[in-house]
Amino acid sequence: GRTMVMPIIFIIPVVVFYVVAMIMEPDLSEESELRQNRPSWLLASVEWRPFWFLWETAYQPSLWDFGAISSSVPLILATAILCVVAAIINIAGIEANAPQKRSINLNNECLSLG
């Protein structure tokens, strides 16, 4: 019944996309029309490299910008606090709009929401 409407609304477009993609069998090679047209529908083909090559060129701690990292910590903390506040508001809204026989356990709800 009604409980299946929302999942179906989200699933049908994805299924249709993949069915059409399988039927069309688009060419995704470097010489593909999808890559050659401007503007291109696809990004340029990426050459995969070993992890250690990336580590040596981009991920070494000596290349890290510790100023940027330290300046982002307050934003990360603020975001975490806002997520908790939003979760509590949502839980309170559920309890107010759909009263339960027993009260919602906020500790369990916050743990399950992360």
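Let's start with the rings: there are five aromatic pairs in this structure, which is a predicted model. Take phenylalanine 17 and tyrosine 18. Their ring centres sit 5.1 Å apart with the planes at 80°, so this pair is edge-to-face, since anything over 60 degrees counts that way. Both partners face outward by the numbers: phenylalanine 17 is exposed at 51% relative accessibility, and tyrosine 18 is exposed at 52%. The cut-off for exposed is over 50%.

Another pair joins tryptophan 64 and phenylalanine 66, again edge-to-face, with 6.0 Å from centre to centre and 65° between the planes. Here the two partners get separate labels. Tryptophan 64 has 42% relative accessibility, so it counts as partly exposed, while phenylalanine 66 reaches 52% and counts as exposed. There is also a cluster, in which ring pairs link Phe51, Trp52 and Trp55.

Now step back to the fold. The protein chain has five helices and zero strands, so the order of elements from the N terminus is simply α-α-α-α-α. What overall shape goes with that? A compact globule of 114 residues would have a radius of gyration near 13 Å, whereas this protein chain has 24 Å. Along the principal axes, the C-alpha atoms fill a box of roughly 65 × 50 × 25 Å.

Leucine 42 lies in the loop between helix H2 (33-36) and helix H3 (51-59). Its relative accessible area is 28%, so leucine 42 is partly exposed. Leucine 42 and serine 32 are 10 residues apart along the chain, and their C-alpha atoms are separated by 9.4 Å.

Next comes isoleucine 69, which is found in helix H4 (residues 66-97). Is isoleucine 69 buried, exposed or in between? With a relative accessible area of 40%, isoleucine 69 is partly exposed, because the value falls between the 20% and 50% cut-offs. From isoleucine 69 to glutamate 25 there are 44 residues in sequence and 44 Å in space, C-alpha to C-alpha.

Past H4, the loop between H4 and H5 holds proline 99. A relative accessible area of 69% makes proline 99 exposed. Proline 99 and proline 61 are 38 residues apart in sequence, and their C-alpha atoms are 52 Å apart in space.

Finally, how far can you trust the coordinates? The protein chain averages a pLDDT of 82, and 95% of the residues score at least 70. Where pLDDT is low, predicted coordinates should not be read in detail.

Technical notes
Residues numbered from 1 in each chain as written. Predicted model: local features only at pLDDT ≥ 70, side-chain atom pairs only at ≥ 80, totals over all residues. Heavy atoms only, no water. Helix = DSSP H or I, 4+ residues; strand = E, 2+ residues; numbered from the N terminus. Buried < 20%, exposed > 50% of the residue type's maximum accessible area, 1.4 Å probe, protein only. Phe/Tyr/Trp six-rings, centres within 6.5 Å; stacked < 30°, edge-to-face > 60°. Rg over C-alpha atoms; globule rule 2.2 N^0.38 Å. pLDDT = per-residue confidence, 0-100.
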